[in-house]
Structure formats: C-alpha cells, structure tokens
Amino acid sequence: MSAGELGRTVDLLVRQVGHWQQPRWAMAGTAPGAESRADLVYRLVQTLADLGADAEGGPRRHVPRLDNDLVLIDQLRVVTADLLAAGPPDDVLARAAAATAATRDAL
C-alpha cells in the first residue's frame with residue numbers, strides 16, 4: 001500500500017459524500033440500531049487520527065465531534081494529510097485504506 005493509494009481511496013469517499021446535505025448525513029443504515037452516516041464517517045476520522053498519532057509516536061487525541069456534519073469531509077481531509085505526513089509504514093497505510101473502504105461500503 002502506498003500513500004498515493006490511500007489518497008485515492010479517501011478521494012473516492014470524499015466524492016461519494018462531499019455533496020451531501022444535513023438530512024442525508026443524519027440517515028442511518030438499514031440494520032437495527034445502525035449508526036447515522038455522519039457517525040460512521042466520524043468514526044473513520046477518529047481511526048485515521050489514531051493511526052496518525054501512532055505513526056508519529058505521539059499520544060492519541062480525541063477529534064472533536066462538531067455540531068455541523070458538513071465539516072466531516074474537512075476533518076477527513078485533515079487527518080488523512082496528517083497521517084500521510086507522518087510517513088507511516090505500508091501496513092498502517094493498508095489499515096487506513098481498509099477502514100476507509102469499509103466506511104464507503106457501509107454508506
């Protein structure tokens with residue numbers, strides 16, 4: 001897995017959801033007790049932030065869950081850039097890409 005491949009995977013997700021308005025973010029999946037779409041993407045944002053902190057050798061930090069779901073795409077871009085800037089090994093990039101792909105599939 002390369003940094004470029006992770007970037008492309010994240011770009012696919014951004015293109016999939018970047019145009020959504022608030023009502024669409026609030027929709028839940030079809031499974032009983034399913035999370036909202038916003039919660040799914042937020043969970044991905046936190047996962048990528050944690051992977052970035054691990055790659056830097058620093059402490060994990062809580063990513064704030066803001067009131068406006070439309071900022072999730074910006075948060076996703078920022079934590080992805082931070083992860084890539086940390087220069088993680090290929091296995092971390094693969095985990096990040098797998099988490100991103102799983103989120104796309106769940107949406």
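The protein chain has a mean pLDDT of 93, and 96% of its residues reach 70 or more; pLDDT is the predictor's confidence in each residue, from 0 to 100. This is a predicted model, where local features need pLDDT of at least 70, side-chain atom pairs count only at 80 or more, and totals for chains, interfaces and linings use all residues. Residues are numbered from 1 along each chain as its sequence is written, and side-chain values use heavy atoms, without hydrogens and water.

**Confidence by element**
- Helix α2 (residues 22-26) has the lowest mean pLDDT among the elements, 91. Helix α4 has the highest, 97.
- Helices are DSSP runs (H or I, at least four residues), numbered from the N terminus.

**Helix α1 against α4**
- The axes of α1 (residues 3-17) and α4 (residues 72-85) come within 11 Å and cross at roughly 180 degrees. Axes are lines fitted to C-alpha atoms over the stretch in contact, and angles run from 0 to 180 degrees between N-to-C directions.
- α1 and α4 are therefore roughly antiparallel (angles over 145 degrees).
- α1 makes the contact (heavy atoms within 4.5 Å) with A3, L6, V10, L13, V14 and V17. α4 brings I73, L76, R77, T80, L83 and L84.
- By class, the α1–α4 contact has 10 nonpolar, 1 polar and 1 charged residues. Ala, Val, Leu, Ile, Met, Phe, Trp, Tyr, Cys and Pro count as nonpolar, Asp, Glu, Lys and Arg as charged, and the others, Gly among them, as polar.

**Helix α3 against α5**
- α3 and α5 (residues 90-106) pack at about 180 degrees, with axes 10 Å apart. They are therefore roughly antiparallel to each other.
- From α3, the contact uses L40, V41, L44, T47, L48 and L51. From α5, it uses V92, R95, A96, A99, T100, T103 and A106.
- The α3–α5 contact has 9 nonpolar, 3 polar and 1 charged residues.

Key
Helices (H or I, at least four residues) and strands (E, at least two) are DSSP runs, numbered from the N terminus. Angles under 35 degrees count as roughly parallel, over 145 as roughly antiparallel, 65 to 115 as roughly perpendicular and the rest as oblique.
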